[in-house]
Amino acid sequence: MKLMKQLLAMATIAFAAAAQAAPAVEAPDVLVKRISQDVIDTAKNDKAIQAGDIKRVTELVESKILPYVDFQRMTALAAGRFWRDATPDQQKQLSSEFRTLLIYTYSGALSQIKNETVEFKPLRADPADTEVEVRSQVNVARGEPVPLNYRVAKTPTGWKIYDINVLGAWLVETYKSSFASEISKGGIDGLIKTLQAKNKALASRPAAKAK
């Protein structure tokens, strides 16, 4: 669980790096470089966020991160082949609960951001590509830099994140096996109920203690 928290904390920094609107013609890596520092600085300097104020942290997550994440695609990837068997209503509920789970996860991780900085690698992509992988590393105060890559896709409303890779582990994959396990036991509805119960438990905890 400690490793998972570390991975998600690093993933939070990556999601925060794509946190504000930018011109559709702007390259994804340029977008990330331009706005990441602003979001990270907000998390570092906001006393309420550092204290784990769930309301303040949620406001930051919802306003600067969530609009630039493709949650439906992310949920579909995490659900795998089972996504096609779900009804439109089940897909909607599952995406909503997964979104809420990630909000609580990111809220807890945001309060842990202290002195990290992000260093970006040259973008390996053709200008015509509609899906790219932006590579970077998170420099921490102690220890080796943490490799951090994420996949973004170009949509009619701009670039959106749909997966994160930290230390060789894709975020979607960390949920895929647990989703499959819950679905095998109780179907899509069983997974939805499990996520609802998890979110209810997290809602009663301070952000800094969410796991």
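Biologist: In what order do the elements of the protein chain run from the N terminus on?

Modeller: Keep in mind that this is a predicted model. The protein chain has seven helices and five strands. Reading from the N terminus, the order is α-α-α-α-α-α-β-β-β-β-β-α.

Biologist: Nice! What share of the residues of the protein chain counts as buried?

Modeller: A residue is called buried when its relative accessible area is under 20%. The protein chain has 211 residues, and the share of them that passes as buried is 48%.

Biologist: Now for Asn199: is it buried or exposed?

Modeller: You can find Asn199 in helix 7, which covers residues 171-203. Its relative accessible area is 5%, and the cut-off for a buried residue is under 20%. So Asn199 is buried.

Biologist: And with which side chain does the side chain of Asn199 make a polar contact?

Modeller: Leaving out residues up to four places away in sequence, Asn199 touches Glu97, Thr100, Leu101 and Tyr104. A polar contact needs a pair of N or O atoms within 3.5 Å. At 2.8 Å, the side chain that makes this polar contact with Asn199 is that of Glu97.

Conventions:
Residues numbered from 1 in each chain as written. Predicted model: local features only at pLDDT ≥ 70, side-chain atom pairs only at ≥ 80, totals over all residues. Heavy atoms only, no water. Helix = DSSP H or I, 4+ residues; strand = E, 2+ residues; numbered from the N terminus. Buried < 20%, exposed > 50% of the residue type's maximum accessible area, 1.4 Å probe, protein only. Polar contact = N/O pair within 3.5 Å; in protein donor to acceptor, adjacent residues only side chain to side chain. Contact = heavy atoms within 4.5 Å.
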